[in-house]
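Please work through the exercises below with the sequence and the model side by side, and try each task before reading its solution.

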Amino acid sequence: MRIFDSHAHLNEDTFDNDFEQVIERAFKKGVKKIIVPGYDIESSYLAVRLSEKYPDLIYASVGIHPHDADGFEGCIDEIEALIKEKNVIGVGETGLDYYRNYSTKEKQVDSFIAHIHLAKKYKKPLIIHTRKAFNDIFAILKKYRGLQGVFHCFSGGEQEADFVQKMGFYVSFSGSITYDSKKLIEALKNTSFDRLLIETDAPYLTPRPLKGRCEPAYIIHTLERISLITGKSAREIADKTFRNTQTLFRLT
Ligand SMILES: [Zn+2]
């Protein structure tokens, strides 16, 4: 089995002490590729550094998370410089988070649009984080043509999933699919096999029945739940989502 964890923050310091073991455990479970997204300047640099150190396993994406959007003007040039690095395959994570509102809505929107311009300029897919902000995200994305990307750690329902796919974007499910949310299960059922990605969003969103810090090896539980819901085998889902991730990020 080969699994692509399309979103794991191995650039967080919770992995500092056992990084090698985390990677080894993931590899043993079949995780052969991992995208490590940045969420601010420091974590974006670290993602690039990890992709250089583990070129067969890790790809980097660089961006400013909506939580950190308030100061984005001061960092966006550095993000642009990082996009040009060899193993950087995407722009983000970026997006809108009206659930936590750690940054003002205005700055989140401005930062998101700045990331869209970078994605267009460098022809890289967007990694989008959205919570309670689908209407604004869709309204902004509709203004641009030729964009590609993924709605990571999808949190919408059937309609939102539909809209994401109609725009040509991918839908990525994390451990939260194991939390028995009816809405999310309907979203998954409404996601085409050709648009499906999987991720851990480690160290967050640990799939049930596991507890504690999430790591890429745990993706097996997410895979099994998706298998149960869709009626396809875990192997089939792993292989298809692997190829979908390669297609979206142009890795072949
Ligand atoms: Zn993330």
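**Exercise 1: the surroundings of β5**

In this predicted model, β4, helix α4 (residues 105-122) and β5 make a β-α-β unit that is right-handed. Determine which strands pair with β5, and how they run.

Solution. Begin with strand β4 (residues 88-97), which is joined to β5 by five bridges and runs parallel to it; within this pairing, glycine 95 has histidine 129 of β5 as its bridge partner. Finally, follow the chain from β5 through helix α5 (residues 134-141) to β6, which together make a right-handed β-α-β unit.

**Exercise 2: the cover of β5**

State how many of the six residues of strand β5 (residues 126-131) are buried.

Solution. Counting a residue as buried when 20 or more other C-beta atoms lie within 10 Å of its own, one finds that five of the six residues in β5 are buried, and the strand is therefore mostly covered.

**Exercise 3: the buried side of α6**

Find which residues of helix α6 (residues 158-166) are buried, and what covers them.

Solution. The buried residues include Glu160, Ala161 and Val164. They lie on the same side of α6, because the arc they cover around the axis is only 100°. Their cover includes α5, β6, β7 (170-173) and α7 (182-189).

Technical notes. Residues are numbered from 1 along each chain as its sequence is written. This is a predicted model: local features need pLDDT of at least 70, side-chain atom pairs count only at pLDDT 80 or more; totals for chains, interfaces and linings use all residues. A residue is buried if 20 or more other C-beta atoms lie within 10 Å of its own, exposed if 12 or fewer, and partly exposed in between; C-beta atoms are placed from the backbone. Helices (H or I, at least four residues) and strands (E, at least two) are DSSP runs, numbered from the N terminus. Two strands pair if DSSP finds at least two bridges between them. A crossover is right-handed if, with the strands pointing away from the viewer, the path from the first strand over the helix to the second runs clockwise. The arc is that of the directions from the helix axis to the C-beta atoms. Two residues are in contact if their C-beta atoms, placed from the backbone, lie within 7 Å.
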